[in-house]
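Hello,

Here is the structure I said I would pass on. My notes follow below it.

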Amino acid sequence: ARPPADAAAGAEAAAVKKLLEQKFPGATVGAVGRSGYFGLYEAQFDGQLVYTDAKVGHVFVGSIYDATTKQNLTEDRLRKLNRIAWDSLPLELALKKVKGGGTRKLAVFSDADCPFCARFENELKAIDDVTVYTFLFPIDQLHPDAARKSKQIWCAPDRQKAWDEFFASGKLPDNKGDCETPLAATQALGQKLRINATPTLVFADGSIIPGALPKDRLEAELVKAATEAKKTAAAPKK
C-alpha cells in the first residue's frame, strides 16, 4: 500500500532538508517543503528562502515574482514562515504610546542613536489609530553610547515622553540611568527573534520587517497585518 500523500510529501521534504544540511555544513536549515514553482522545494536557509531540486543538485537564491501583480512571492512567503505569536511578546518591557484610538498594534526594536530609527519616528507622526510598543535595543557595536541613553530614558518619570523628547531635540532626562532597566531582557528577546538591525518592526499578525518604512508603506502594512490577525483569530483551532 502507498503511504498517505501528506506522509510521502513530509518524507521527501525531510530528505531534502537532510541533503541541504550535509552539503552546507554549519548552515541553519529551517522549514522545507514544496514551493509550487517549477517542481522545486523551498527551504529556510540562514535567514533567507532558497529553492532547490529533490536531489539538492542546484540551489537557487533569489526572489520569484508574480508577473501580473509584480508581487514578490518569495518575500511574502518568508514573511509568513517567520511570523511569531504577537501574544508571546513581553510588552511590559517596552515603552507604550497610544495614537488616536490605538486599535492597531505595532512593536518596534529601536536604538536611540540609530539615524534610521530617527527617520522612522518621523514617519510615525503621520500614522494614527495605533498603539506602538518600543523595545529599547541599543546595538553597542554601532552606537556605543546608546545603552547609556536608553537607561536614562527608561529611568525617567514618563518614559515615552522622554523618548519622544530625545528624538525631537536630543534632550535626555536628568538622571543617572541607574534604575532597574529591561535592556538585558530586550537584548535576549532580540537575539531569540534573530533581530540584528534597527528599526525592526513586528506587526499584529506576527510579521517581522526590518527598516524605516515610509508612512505609506507603514500604513499599508498595518492594514494588512490587522486583517491577517483577525483571520488567524477567527480560524478554528486545531
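**Backbone and surface notes**

Arg194 sits in the loop that runs between α6 and β8. Please keep in mind that this is a predicted model. Arg194 is not a glycine, yet its phi is positive, at about 60°. Its side is open to the surface: Arg194 counts as exposed because its relative accessibility is 62%, and the cut-off for exposed is over 50%.

Pro199 belongs to the loop between α6 (183-192) and β8 (200-203). The peptide bond that joins Thr198 and Pro199 is cis, with omega at about -10°.

Val56 also has a positive phi, near 50°, in a residue other than glycine. Val56 is found in the loop between β3 (48-52) and β4. With a relative accessible area of 3%, Val56 is buried. As background, most residues other than glycine have a negative phi, and most peptide bonds are trans.

Val59 is part of strand β4, which covers residues 59-61. Its relative accessible area is 36%, so Val59 is partly exposed. Together with Phe24 and Val61, Val59 makes a nonpolar surface patch of about 230 Å².

For the chain as a whole, there are seven helices and nine strands. The C-alpha trace spans about 75 × 40 × 35 Å along its principal axes. Of the 238 residues, 41% are buried. The accessible surface is about 13,600 Å², and carbon and sulfur atoms account for 54% of it. The chain has 34 positive and 30 negative charges, whose mean positions are 4 Å apart.

Regards

Methods:
Residues are numbered from 1 along each chain as its sequence is written. This is a predicted model: local features need pLDDT of at least 70, side-chain atom pairs count only at pLDDT 80 or more; totals for chains, interfaces and linings use all residues. Side-chain values use heavy atoms; hydrogens and water are left out. Helices (H or I, at least four residues) and strands (E, at least two) are DSSP runs, numbered from the N terminus. Buried means under 20% relative accessible area, exposed over 50%, partly exposed in between (1.4 Å probe, protein chains only). Accessible areas come from the Shrake-Rupley method with a 1.4 Å probe; for residues, only the protein chains shown count as cover. Lys and Arg count as positive and Asp and Glu as negative; His and the chain ends are not counted. The place of a charge is taken as NZ of Lys, CZ of Arg, CG of Asp or CD of Glu. Patches are made of residues with over 30% relative accessible area and no salt bridge: like charges are joined within 9 Å, nonpolar side chains (Val, Leu, Ile, Met, Phe, Trp, Tyr) within 5 Å. A salt bridge is a side-chain nitrogen of Lys or Arg within 4 Å of a carboxyl oxygen of Asp or Glu.
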